[in-house]
Amino acid sequence: MIMGYQKPAWLEALYTQKFFVGCSYHENAKKNEKNVCCLDCCTSICPHCLPSHRFHRLLQVRRYVYHDVVRLEDLQKLIDCSNVQAYTINSAKVVFIKKRPQNRQFKGSGNYCTSCDRSLQEPFIHCSLGCKVDFVLKHYKDLSPYLRTCNSLQLSPDFLIPQETVDEEVTRSTVVDCDEPMSSCSGSSGSENNMSMSCTEIVRKRRSGWSTVCAKFMANSNNKVSDEDMATSMSRRKGIPHRSPLC
């Protein structure tokens, strides 16, 4: 935690990093827009980068009227958001990250932002997180009383991860899990070794029914499974339909 006029590194990254632009590491992948801020690495990432940041604190950034916003529920775990006006998107309250300057020739009655002169609802006095941070640093010279300790922050359940990223992770995890039991059966007969190699290939192909066959086989390695039974279990194709006899 950094004291005084300086901001925490994650807060500075939330201001300076660009979101909703293509990820240079996954420029050929679909849905590669950067819409997540890794608070530990202080950088913006895309959904395809998530496997490399799975144990980090992740903050999803959303888009609302051409501006970057974050969920109020997530942001409150990091910093005090009182007096900042929130808006509702898909039944979730969000807060603007950066200032939204608005030129006004005159002010009427009601609340206005301390930095942007934007009209606000009562009792709010800041229209964005940036406005509040600047207000606190200007008047109180210290942001630390408003910062909160957050050791874990995960993405919300409605965050969409590209299917190809999920397939890659599940395949890698499944192959590793299946290879470990096979190493303990290295002294078995040749037929069991061949079956283990076939099992590995099945998992690598990642067909829905085949991984189940692999799990059953490895759970009971003492049972002999014939090639015919294995082929029958893997094949899900239905037989040729027959016509009903004519009356």
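Helices (H or I, at least four residues) and strands (E, at least two) are DSSP runs, numbered from the N terminus. This is a predicted model, in which local features need pLDDT of at least 70, side-chain atom pairs count only at pLDDT 80 or more, and totals for chains, interfaces and linings use all residues. Residues are numbered from 1 along each chain as its sequence is written, and side-chain values use heavy atoms, with hydrogens and water left out.

**Positive phi angles**
- Y66 lies in the loop between β4 and β5 (67–71).
- The phi angle of Y66 is near 65°, a positive value in a residue other than glycine.
- Y66 counts as exposed because its relative accessibility is 75%; buried means under 20% relative accessible area, exposed over 50%, and partly exposed in between (1.4 Å probe, protein chains only).
- C42 sits in the loop between β1 (36–38) and β2 (43–45).
- C42 is a residue other than glycine with a positive phi, near 55°.
- C42 has 24% relative accessibility, so C42 counts as partly exposed.

**Surroundings of Y64**
- Y64 belongs to strand β4 (residues 62–64).
- With a relative accessible area of 26%, Y64 is partly exposed.
- Leaving aside residues up to four places away in sequence, Y64 touches V69, Y87, I89 and F96, where contact means heavy atoms within 4.5 Å.
- Y64 and Y87 are 23 residues apart along the chain, and their C-alpha atoms are separated by 9.4 Å.

**Cis peptide bond**
- E122 and P123 are joined by a cis peptide bond, with omega about 5°.
- P123 is in the loop between β9 (119–120) and α3 (129–139).
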